[in-house]
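Hi everyone, thanks for coming.

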Amino acid sequence: MFKHGDPPSVKTTSHPPRTGWPLHALVRRAYLKHSLGKRLAMLMVLAAAVSALLAGMGILGLKTSNESLHEVYEHRMVPVRELSRIQQLMMSNRLILQVALSAVHVETGPAQAARLALNADAAQASADAIARNIELISARWAAYASRSLTPQEADQAANFASQRARYIEQALRPAIVALRANNYAAVQRSANDAGQFFEDMAPQLEALSLLQFNLAQAAYQTGTERYQRTRWLSLAALLGSMLMMTWLGVILIRSIVRPLQRVIDTFRQISMGRYDTLIRIEGADEVSEVMHALQAMQSKLGDDEAAIHKLAFYDPLTQLPNRRLLRDRLQLALNASARNQLYGAVLMIDLDNFKTINDGKGHDVGDDLLVQTARRIQSCLRQTDTVARLGGDEFVVMLESLCNDAGLAAVLAEGIGEKILHTIRQPCVLADQPHEHTASIGICLFPDFGTTIDDLLKHADLAMYQAKATGRDTQRFFDPQIQTALEARLILEVELRQALPQHQLELFYQVQVDNTQHVLGAEVLLRWRHPTRGMVGPAEFIAIAEESGLIVPIGEWVLRSACEQLRHWQGSPGTAGLLLSVNVSARQFRQADFASLVRRISEETGIDTSRLKLELTESLVLHNVDDTVTKMKALNQLGIEFSMDDFGTGYSSLSQLNKLPIAQLKIDRSFVSHITQNRSDAVIVQTIIGMANNLGVTVIAEGVETEEQRAVLERLGCLSYQGYLAGKPMPLREFETVVMQAISADASTRESSQ
Ligand code: C2E
Ligand code: MG
Ligand code: MG
């Protein structure tokens, strides 16, 4: 698998044909140039050519054999038969003459001379037979001599031909004449001559026959040799062709099977997600086309995979790795850190007040800020470091392999964190407006403070919240003690959810008096009667309620309870004039329906709204001044007044305060507690009182614990007080008793003064 974050590179090449021995390479290259169809056609043409060649050679072999047989029989055996026939005819002539001569008798002629006479009929028949034989001999000889003759044969034949002519003319024809004339002596002579000729010509005939035999043998020999040659040639041609066809067939099969195997392998690789698999393409056949298509598909799949990978692992806005990819890399970094014993760090970066910009200036501007921030963070890092965006304005930087010393690693991480804070702090332009913003960073070192991804991120997150809590634009390292506290806080949150339905919440009342100890009213302060922890003060749970949103139902309950109490007091003359201050948290106040909720509660409880005071803090009212003013004015219309709680701890200016319909400034306890010793606190308090006078609003000091403090405050012009001096926050019954005592003391004072 390729590493997440590194989009797959798609590499494909056309591989050059492999080279073997030259001819092989040459044929292969030429052969592979053609399509599979053409290659198959070539093989078939070759097979047809080989078959034709073999058939041709077979025909040639048959022709050769035929010629040899023809030569042996027609040219040699037939002449031998003719010659032997001639010899038989000559023999026959000889016998005819001897038979004629044997049938002799003595005849006495007219001259009384006795002479040997032949049998007339037999002599006549013998003459006829010899005449027929002459014709037959001539015919046979003509048949023999009509062939084309070899030179040696021609010489011998010429000799025999002249002998044959003389034999006929000198022996046979005279014999016929003598037989017809019944001339015994002449016949006797002719018979002798014929015998002599036979004797002379027989060796010639035998020589001629022998020559034919020799020539027949030679022809047979030649025929046999030609047959053998043809047979070996055919065999060699057959073997050669078969080898050639086998070779081409092997190339063909390999050129199909091997690329197909590569196609299969490539498919397998691609199916396993390896889109950079090398594809070798040889030749230009159908399989190569498949390979080309596969190559195109591979690169397309690679692109798609890269796009999918980008979508799955990168934040589309900043192009930074997203949470998933960060987790992968964190896991790798944790593994590496366990192996190489090198420290790394996770920096959780959160822009300060990003929500204000995003909501106030629009999401496009917010996006622009996030992109610019991403680039700025990246500019502070090494190539090997990772910066990811988790969502919203949360970025995470992962620093790997810092060093093997925890202390030094912390210093290095802090240095990079500072660099990031510095670069984020630089002014930028948003929607053509110069803008400055800051960030808070939480740092967690690994592996010491987290061996799992979730722990690391959680710890860095906790540290980041600590940085936020300590004033923003700063960085904090994760400290396990903070985590313990936060875990306890988490448990508290779970329990707080049950507090309201299980009626564990209670209202305490802290009296507010004037400089004559006259009771003006009270501030309602929330308490949580925890089943195991006992009474829990709001300092421990209001912030949790605020963050979890529980403050909305809790705040509504407080307001309703306070109003019900006010309504109840209004029923009796002693308490009818009491004012009740209710604390309103930021989240509660920012609910869109806050004003209508207060109206509904006040109507439902039927209170005199001029007796209800809502305490807001500076940071709350300054957040979205326009909206705040609208809501405050709407509530003012109902007769409800506002008190600015913890005044002096925020940064509100006179001009901002001027816009707000406030009835009272509540000097924070922190100025009151040291007012007798600390001159500057006294100056601040004096300034606040001066501001209140300028604004035309009343002023009350909270946390007044001693008579000295009260006296200083009175001297400075503050005539209303809240604090332990007048009374601690207490349960309703107790408060009412205290109030009743104060009222009666008041009455008796008035009476005595009258
Ligand atoms: P706060 O509104 O400024 O309330 C005054 C706090 O000062 C109270 O603390 C009170 O007990 C304490 N205090 C008053 N006089 C003295 C004094 O002489 N010496 C000392 N050391 N402390 C004094 P508490 O009751 O713990 O409330 C703390 C904060 O919790 C309140 O500050 C207020 O901001 C918040 N809170 C209390 N009840 C509610 C509530 O119902 N709703 C909301 N939203 N916040 C509440
Ligand atoms: Mg208050
Ligand atoms: Mg206060």
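Let's start with the overall layout: domain 1 covers 66-237, domain 2 covers 323-478 and domain 3 covers 499-740, with bounds from an automatic or database domain assignment. The centres of domain 1 and domain 3, taken over C-alpha atoms, are 168 Å apart.

Some housekeeping: this is a predicted model, where local features need pLDDT of at least 70, side-chain atom pairs count only at pLDDT 80 or more, and totals for chains, interfaces and linings use all residues. Residues are numbered from 1 along each chain as its sequence is written, chains are lettered from A and ligands numbered from 1 in the order written, and side-chain values use heavy atoms, leaving out hydrogens and water.

Now the ligand. Which residues are closest to ligand 1? They're Glu523, Arg527, Asp645, Arg669 and Glu705, out of 21 that surround ligand 1, meaning a heavy atom within 4 Å.

On to polar contacts, which are pairs of N or O atoms within 3.5 Å; within protein, one must be able to donate a hydrogen and the other to accept it, and residues adjacent in sequence count only if both atoms are side-chain atoms. Asp645 puts a polar side-chain atom 2.8 Å from an oxygen atom of ligand 1. For Arg669, a polar side-chain atom sits 2.5 Å from a nitrogen atom of ligand 1. Then there's Glu702, with a side-chain N or O atom 3.2 Å from an oxygen atom of ligand 1.

Last, two backbone details. Phe446 and Pro447 are joined by a cis peptide bond, omega about 15°. Pro447 is in the loop between β8 (439-446) and α11 (453-469); helices (H or I, at least four residues) and strands (E, at least two) are DSSP runs, numbered from the N terminus. And Ala431, a residue other than glycine, has a positive phi near 50°. You'll find Ala431 in the loop between β6 (428-430) and β7 (433-435).
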